[in-house]
Amino acid sequence: MSSENPMRVAVVGATGFQGGAVARLLAERQHRVRTLTRRPSADRPPLPGAYFLAGDLGRPDDVRELFEGTTHAFMTMPLVYESERVEAYARNVAEAALDAGTERLVFNANTRIPLGPTDVAAFETRRLAERVLRDSGVPLVVIRPPVYLDNLFSPWNGPALVDDGVLAYPLPAAARTAWLSHRGLADAALAALTREDLEGRTFDIGGERSLTGGELAAAFGRGLGRSVRYEELDPAAFERSLAQLLGPETAAGVAGIYHFMASGADPLLMADDDGVSTEVLALEPPPVEEWVARQPWQVWSSDTSPRH
């Protein structure tokens with residue numbers, strides 16, 4: 001399969017940050033993108049070249065229409081952590097992909113997944129979705145990202161970073177994490193869609209290397225040209241602040257990952273995979289400090305005095 005030939009890609013989740021990054025890269029590379037959204041046209045993100053269909057992942061006919069005429073597919077599950085809904089979404093996508101003769105479907109699991117079963121919905125619903133897709137017989141590649149650098153370019157982190165040099169996040173400082181940008185996810189997704197002989201594979205994708213909290217702060221310091229220190233945020237406090245934005249159910253789903261990491265049950269869950277995915281997918285993730293240096297951090301500054 002050559003990446004020279006334009007693909008027609010059904011992108012599930014293109015109006016979110018993760019799927020949007022993938023859709024933008026596909027469009028940049030002249031591939032055709034179709035996506036499904038419940039958002040009204042005035043509330044859709046700018047995705048040049050993408051074709052939007054109004055519809056819902058929970059309705060099989062809508063998903064079938066999304067896949068019509070497509071050759072490939074990429075799926076990011078929305079922030080839903082109820083088993084029944086996740087299973088229905090995955091089943092609808094699998095059936096639509098099989099009907100359309102999809103050459104390859106890449107599933108972004110949103111997170112790494114521990115080897116053994118847990119009581120964490122964020123892990124177990126994604127494990128369930130993987131199983132539904134795999135059992136359906138659709139040609140599947142799974143990518144499992146760690147934690148996104150883009151989470152740190154936010155109203156929660158930006159002001160403290162810019163004003164006080166404090167990088168606060170709900171991961172233990174000792175947890176080695178292969179921080180990845182949304183663009184890094186998109187690069188991995190494109191490779192997973194186009195490289196030969198990957199069907200059935202699962203990749204723990206990640207950034208250039210695994211970093212402790214202190215090493216992450218040092219990389220931010222180099223990118224920002226200032227001193228930065230890492231501060232462990234209490235996952236319960238993180239969940240409470242997230243609940244104000246996303247509601248308690250979604251916040252509990254997202255925060256489950258951080259409660260699990262704080263428990264120390266699997267300290268290397270978010271670490272790199274010894275270069276397996278970067279080698280097989282031919283990826284060259286840039287160092288964290290390069291990503292940091294490219295972000296417009298000044299938007300979070302509370303110092304509004306004019307610069308001379």
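**Exercise 1.** Which helix do the buried residues of α8 pack against?

*Solution.* A quick note on the model: it is predicted, with local features needing pLDDT of at least 70 and side-chain atom pairs counting only at pLDDT 80 or more, while totals for chains, interfaces and linings use all residues. Numbering runs from 1 along each chain as its sequence is written, and side-chain values use heavy atoms, leaving out hydrogens and water.

Step 1: find the buried residues (under 20% relative accessible area, with exposed over 50% and partly exposed in between; 1.4 Å probe, protein chains only). In α8 these are Pro235, Phe238 and Leu242. They sit on the same side of α8, because their arc around the axis is only 55°; the arc is that of the directions from the helix axis to the C-beta atoms.

Step 2: look for contacts, meaning heavy atoms within 4.5 Å. The partner turns out to be α9 (248–263).

Step 3: check the other face. Turned away from the buried side, you'll find the exposed Arg240 and Gln244.

**Exercise 2.** Work out which residues of helix α2 (residues 60–67) are buried, and what they pack against.

*Solution.* Step 1: helices here are DSSP runs (H or I, at least four residues), as are strands (E, at least two), numbered from the N terminus.

Step 2: the buried ones in α2 are Asp62, Val63, Leu66 and Phe67. Down the axis they fall within an arc of 135°, so they line one face of the helix.

Step 3: their packing partners are β1 (8–12), β2 (32–37), β3 (50–54), β4 (72–76) and α3 (83–100).

Step 4: step past the end of α2 and you meet Gly69, with a positive phi near 75°.
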